[in-house]
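Subject: Structure handover

Hello,

Here is the structure I promised you. Please open it beside this email and follow along.

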Amino acid sequence: MSARAPSSALQASARLTIDLDAIRQNYRTLASLASGAECAGVVKANAYGTGAEVVAPQLAAEGCRTFFVATVDEALRLRTVLEQADIYVLDGLPPGCGPLFTDRNLRPVLGSPPEIEEWASHCQNAGARLPAAVHIDTGMNRLGLSAREVADLGETQSLFDDFQLSLVITHLACADDPEDPMTERQRVSFDALCQRLPSAPASLANSAGIMAGELYHYDMVRAGVALYGGHARAGHEDLMKPVVRLEGRIAQIRQVEPGETIGYGATFRAEKPMRVATVTLGYADGFFRLLSASNIEEGATAFIGETAAPLVGRVSMDLITLDVSQVPEHRAVRGALVEFIGPHVGVDDVARLAQTIGYEVLTSLGTRSERIYVGGE
Ligand SMILES: *Cc1c(COP(=O)(O)O)cnc(C)c1O
C-alpha cells in the first residue's frame, strides 16, 4: 500500500481520494465476467476523472493490454506511461495525423470512408500495413460506417489490403436497460456487417454489455464506467467496488437564528435555531448546483463521521452550507473533513439527485480538488 498524498494535502480545501486497489479489483471482476474475451480498459476523459496516467499502469499490472481513449491528446499522454500497450483513439483519425499516430504507435478507430482512405494511403506512404480498428454503426448514428458504407467497402476490399484491420467495433446505445430490445438488434446487425469485412477480432460490449452476458462479449470487451465503481446496468447485481471519495473541509461554524436565510438567492430560511457548517467544496469542484437545498426542495446529504448533515441553501462556486445541528459539536469543527461521496453516498446516488448519470458525476470531479491515491503498487 502506498499513499501518493501530495505535499499540499493538509492545505487542500477539497479532496478526491481514488482507491487504486478498488479499480484493480473491478478490473479483475469485469475480466472474469467477460468469460475469456480480452478485457480492454477505457481510460478516456482522464480515466473518467480519476487520473489516466496513474490508473492505466495499474490496469496494465492486472494484465490489461489494450486501452481506449477518446482523443489524440489523451493517447499521447497515455503513451508516456504505457510503452507496450495497444492504444486506440475512439474519435478516429483527425486529418493529417497519420504520421503522428505512427510515430507514437497509436491506433485510430476509423469511422468513415474518408478516414479509411486516409489511413490506407498513409500506410502506402509509410510502406507498412499499420494496425487500425474500424467502427461500424449499428444504431447510434454518431461514429462509424453505415450498413451501406460497409457494403460498398466490402465490394472493393482493396483498401483493406493496405492496412492491418486489427479490430472491428460497434457501440451499444441502450445496454444500461436490460429490457431494451435494441441491444439484441445491434448485436444481430453487428454480426451481419462483420461478415462483409475482412476477418478481424470483434468488440461490441461496454461495461453494461459485459453484464448482458456471454453472447455480447465477442473477442474483446471495453470496460469503462464500471472500472470506476459506476453502476452500469439496471437490475444487475452491483459487483463493483466504490472507487472515489469526495470530501470538503469545514471552514467555519456559525449559529443561524429562525428567520435568517442562507446563501445565494436566500432560498433557505431557518425555521429553528441551527448550527451551520460552511464547507470548502462547490460546483467548481464538480459538485453540481442541482444538489442545492431550499425550504421546498431537499438537496444532497453529506456525512461527518456517521452523522448525516443535510445541505441548506445553494451550492455555490467554492462553498456549501450544511445543517450540522445533529452532529456532535466536537466533530463539526473547523478543519474537519466532510464526506460528499464515499461509503455513505455513492456516485450513482449523487447522480440520481442531480438528474444525471454516474459518468457525468465522475468526469466532473477532480478539476480543482486535490487528487489523493491510495492502494495500488
Ligand atoms: C466510452 C466508451 C466505452 C466505455 O463505456 P462504459 O459504458 O463507460 O463502459 C466503450 N466503447 C466506446 C466506443 C466508448 O465510447
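Start at Thr280. Leaving out residues up to four places away in sequence, Thr280 touches Ser13, Ala14, Gly248, Arg249, Ala251, Asp318 and Leu319. Touching here means a contact, that is, heavy atoms within 4.5 Å. Thr280 sits in the loop between strand E13 (274-279) and strand E14 (301-304). Helices (H or I, at least four residues) and strands (E, at least two) are DSSP runs, numbered from the N terminus. The side chain of Thr280 also reaches the backbone oxygen of Ser13, at 2.7 Å. Thr280 is buried, with a relative accessible area of 17%. The classes are these: buried is under 20% relative accessible area, exposed is over 50%, and partly exposed is in between (1.4 Å probe, protein chains only).

A word on the source. This is a predicted model, in which local features need pLDDT of at least 70 and side-chain atom pairs count only at pLDDT 80 or more, while totals for chains, interfaces and linings use all residues. Residues are numbered from 1 along each chain as its sequence is written, and side-chain values use heavy atoms, with hydrogens and water left out.

Now the whole chain. It holds 12 helices and 18 strands. Its C-alpha trace spans about 80 × 45 × 35 Å along the principal axes. Of the 377 residues, 53% count as buried. Take the contacts with a separation of 6 or more: 68% of them join residues 24 or more positions apart. The accessible surface is about 16,700 Å², and carbon and sulfur atoms hold 48% of it. Such areas come from the Shrake-Rupley method with a 1.4 Å probe; for residues, only the protein chains shown count as cover.

Next, the ligand. Which residues surround the ligand? They are Val42, Lys44, Tyr48, Leu90, His171, Asn206, Ser207, Arg222, Gly224, Val225 and Tyr359. A polar side-chain atom of Lys44 lies 2.7 Å from a ligand oxygen. For Asn206, a side-chain N or O atom is 3.3 Å from an oxygen atom of the ligand. Gly224 uses its backbone: an N or O atom there lies 3.0 Å from a ligand oxygen. Taken alone, the ligand exposes 390 Å², and the protein buries 93% of that.

Then check two backbone angles. Most residues other than glycine have a negative phi. Ser35 is not a glycine, yet its phi is positive, at about 45°. Ser35 lies in the loop between helix H1 (20-33) and strand E2 (38-42). Its relative accessible area is 35%, so Ser35 is partly exposed. Gln355 also has a positive phi, near 55°. Gln355 is in the loop between helix H11 (347-353) and helix H12 (358-364). Is Gln355 buried or exposed? Gln355 counts as exposed, because its relative accessibility is 68%.

Last, Ala56. Find it in helix H3 (residues 52-61). Ala56 is buried, with a relative accessible area of 0%. Ala56 touches Phe67, Leu78 and Leu82, again not counting residues up to four places away in sequence. Now look from Ala56 to Pro95. They are 39 residues apart in sequence, and their C-alpha atoms are 27 Å apart in space.

Best wishes

Methods. Polar contact = N/O pair within 3.5 Å; in protein donor to acceptor, adjacent residues only side chain to side chain. Near = heavy atom within 4 Å.
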